Amino acid sequence: MASSFPPGEGDEEPLEDLLRPLDDDSGPARRLSRQRSSALVAAALDVAFQPTAPPLPKRRKRPPVWLMAGAALVFTGAAAAAVWRLSRPEPSPPHVLTPGVPEPTRLATLEPVPLPEPAAPPEPFVIEHPRPSRPTAVAPREAARPEDLLRQANALRSEGKWKEAEALYLRVIRAQPSSLAAYVARVASGSLRLEHLGDARGALRQFQDAQRFQPGGMLDPEARHGEAEAYRALGDTAAEARVLTAFIALHPDSPLSAASRGRLRALTQP
């Protein structure tokens, strides 16, 4: 006989299994013994006190193929759009042009400027011709004293420097012709020319000048004897004899008088 109860959702055993006969005999079921009844109760209690097992999850139905394909296309398109958006450079913000507002015109303030002082009139242009340079005045060198020059000339004469000594004698004569130093220089120059320079005529002139500037001077014996020797060198025996005669008469005690007398006798002998 078909069951009037609908099958229960989720029941794993059919309803017929639950309504099986308790025993093989027809009619009311036999009464359970006390031992078996106690065993059933104990088994029921064990089941009641055991933790209830979680219900098994319901099996979900698999979606159709066309729905899965559509979802895949949508996902692929979304991914491509995301990649394209990330790879595209971000647009720069729009540059807004703001019109420049000109600054208000400022009025220049003019300050008084001091005028320069009037320049002096330029000097007239004058062409200067070069002037001949004047010789600069040279401070006169301190002249050596005649006495010093005579000493230097005598020193050169003792060294055998005849020409150098003669130059100093002439320098003294030109510096002070009428001085005593010039008188001594004339006598010394005459003897130097006659004995060492071979200038008898120049020696004669110096001896005669000494007698004229200083007649009867302290060197008159030397000047007169030198004049006689100059005539002898020139070969004028008559003039030599005349000068010797005057010399012996004026200076009879001179060391040169003895030699002068002998020369005069030689000249006057027939």
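## Model and conventions

This is a predicted model, in which local features need pLDDT of at least 70 and side-chain atom pairs count only at pLDDT 80 or more, while totals for chains, interfaces and linings use all residues. Residues are numbered from 1 along each chain as its sequence is written, and side-chain values use heavy atoms, with hydrogens and water left out.

## Overall fold

The protein chain has 10 helices and 0 strands; helices (H or I, at least four residues) and strands (E, at least two) are DSSP runs numbered from the N terminus. Of its 270 residues, 21% count as buried, that is, under 20% relative accessible area, with exposed over 50% and partly exposed in between (1.4 Å probe, protein chains only).

Among contacts (heavy atoms within 4.5 Å) between residues at least 6 apart in sequence, 39% join residues at least 24 apart.

## Nonpolar cores

A nonpolar core is a set of buried Ala, Val, Leu, Ile, Met, Phe, Trp, Tyr and Cys residues joined through side-chain atoms within 4.5 Å. The largest has 13 residues, of which Leu150, Ala165, Leu168, Tyr169, Val172 and Ala185 touch the most other members. Helix H4 (146-158), helix H5 (162-175) and H6 each supply at least two residues of this core, and H5 gives the largest share, 5 residues. A second, separate core of 11 residues includes Ala239, Val243, Phe247 and Ile248.

Beyond its neighbours within four places in sequence, Leu150 is in contact with Tyr169, Val172, Ala181, Val184 and Ala185.

## Ala200

Ala200 lies in helix H7 (residues 200-213). Ala200 counts as buried because its relative accessibility is 14%. Leaving out residues up to four places away in sequence, Ala200 touches Leu194, Ala230, Ala233 and Leu234.

## Largest pocket

The largest pocket has a volume of about 210 Å³. Of its 14 lining residues, Val187, Ala188, Ser191, Phe207 and Glu222 are the closest to the centre. On a 1 Å grid over the protein atoms alone, a pocket is an open set of points where a 1.4 Å probe fits, with protein on both sides within 12 Å along at least five of seven lines; lining residues have an atom within 4 Å of a point. The volume is the space filled by probe spheres set on the points, which are joined across faces, edges and corners.

H6 supplies the largest share of the lining, 6 residues.
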